[in-house]
Amino acid sequence: MQKKQTLAHLRQEIDAVDDRILELLNQRAALVMQVGALKTVAKSDFHVPSREREIYERLTAANPGPFPSDAVRGVFREIISASLSLEHPMRVAFLGPKATFSHLAAMQQFGLSAELSPERSIPAVFEAVEKGEAYYGVVPVENTTEGMVTHTLDMFMESELKVDAEVLLEVSHFLLSRTGRFEDIKKVYSHPQPLAQCRKWLAENLPNVPLVDVASTTLAAQIVAEDYNAAAIASEYAASIYNLKVVKARIEDQVNNFTRFLVIGRKMADPSGDDKTSLMFLVRDEPGILHRMLEPFAKRNINLSKIESRPLKKKAWEYIFFLDLSGHIGDPSVAEAVRELGDCCQFVKVLGSYPRARS
Ligand SMILES: O=C(O)C(=O)C[C@]1(C(=O)O)C=C[C@@H](O)C=C1
């Protein structure tokens, strides 16, 4: 009897706190709607990744607990997601189908209030944003074990869209099946990349089981949902969507397997104080050119985090370079270096400046 009274009392207090939270959420929403109205007049971007990062970092640092800091981020992820949809309905295209890692990256960046729309290919994501069917797009650009996603780089050769943000996602692979039992598995389905990333684990734990390549981890999960003797390598999220059980979690050979995604939109992001800039350029074919193209950055102490070359499809043996550097194109030293790079190039295109993702 005593315990029941205490529980009822505590729940009453929780209700009172919840009422205050609700009131504050609505107070916040009213302010956000005013921000949305200002942005509509100014024609500025509704989604501001630098401001979002500032909010998360300020609140997680200020959190005295016991509410977990990770949960602070998750809760505010959804508050900001709902706020953004109050400013403007947010349609975001991603490389589908549902439950792919691009879907998870889109959810991490835009939350559950955004309308996330799966597309069949990377070009289709670009097209949805170009045609205005989606406000933003989310596409993979590189993986720590498998390297660059060349399809995405190639799209920037033709598209005028800009990089608005980057998302880093730890990619963890799960072995899923209907029964959740090891002994039932007679075949394993997945996309070639996850199969490659789990090669060692599969050889040690399922040595005689055939591995079958399919177009996506989602398709693998769909097949396995109908077959009690098969398993899929897919995300944990796919298990919940396709009603599968986890046979074994995190079977990737290499821990710290991250995939980097780009959020593409019409404009690049404002400076945040800790940014990256992505460039694409075509150098002239002359001696010493590789040295000359790096010099403008070296002499200004600008850190280059990535350099990648791709063959130019229109002309044999000519290469287009993709480069990521630390800093925003609005920084005078970055702008000067890029101008100087232009002197030894047939063309230079700034793909975007955006806040550096923190993993
Ligand atoms: O500060 C802004 O620019 C807002 O639009 C508000 C807000 C928020 O909810 O705090 C919403 C969306 C933006 O991406 C960033 C922040």
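How many Å separate the centres of domain 1 and domain 2, taken over C-alpha atoms? The figure is 26 Å, and here are some notes to go with it.

1. **Ground rules.** This is a predicted model, in which local features need pLDDT of at least 70, side-chain atom pairs count only at pLDDT 80 or more, and totals for chains, interfaces and linings use all residues. Residue numbers start from 1 along each chain as its sequence is written.

2. **The whole chain.** The protein chain has twelve helices and 15 strands; helices (H or I, at least four residues) and strands (E, at least two) are DSSP runs, numbered from the N terminus. Along the principal axes, its C-alpha atoms fill a box of roughly 85 × 60 × 35 Å. Of the 359 residues in the protein chain, 36% are buried. Buried here is defined by 20 or more other C-beta atoms within 10 Å of a residue's own, exposed by 12 or fewer, and partly exposed by anything in between, with C-beta atoms placed from the backbone. Among contacts between residues at least 6 apart in sequence, 74% join residues at least 24 apart; a contact is a pair of residues whose C-beta atoms, placed from the backbone, lie within 7 Å.

3. **Domains.** The assignment gives domain 1 (2-86), domain 2 (89-171 + 258-264), domain 3 (174-248) and domain 4 (269-355), with bounds that come from an automatic or database domain assignment. Where domain 1 meets domain 2, nine residues of domain 1 are in contact with ten residues of domain 2. On the domain 1 side, α3 gives the most, with seven residues. By class, that side has four nonpolar, three polar and two charged residues. For these classes, Ala, Val, Leu, Ile, Met, Phe, Trp, Tyr, Cys and Pro count as nonpolar, Asp, Glu, Lys and Arg as charged, and the others, Gly among them, as polar.

4. **What the record says.** Over residues 91-266 the chain is 32% helix and 32% strand, with the end C-alpha atoms 14 Å apart. Over residues 278-355 the chain is 27% helix and 42% strand, and the end C-alpha atoms are 11 Å apart.

5. **Around the ligand.** The residues surrounding the ligand are V32, V35, H47, V48, R51, E52, I55, I80, S83, L84 and E87. At least two residues of this shell come from each of α1 (2-42), α2 (49-62) and α3 (69-87), and α3 supplies the largest share, four residues. The shell has six nonpolar, two polar and three charged residues.

6. **A loop residue.** P64 sits in the loop between α2 and α3. Why does P64 count as exposed? Because P64 has 5 C-beta neighbours inside 10 Å. The C-alpha atoms of P64 and L244 are 38 Å apart, and the two residues are 180 residues apart along the chain.

7. **Helix α12.** In helix α12 (residues 332-342), the buried residues are V334, A337, V338 and L341. Seen down the axis of α12, these buried residues fall within an arc of 95°, so they line one face of the helix. The arc is that of the directions from the helix axis to the C-beta atoms. An α-helix has 3.6 residues a turn, so residues three or four places apart point the same way. P332 and R339 are exposed on the other side of α12. The cover over the buried residues of α12 includes β12 (275-283), α11 (289-298), β14 (319-326) and β15 (345-355).

Key. A residue is near a molecule or strand if its C-beta atom, placed from the backbone, lies within 6 Å of it. Two residues are in contact if their C-beta atoms, placed from the backbone, lie within 7 Å.
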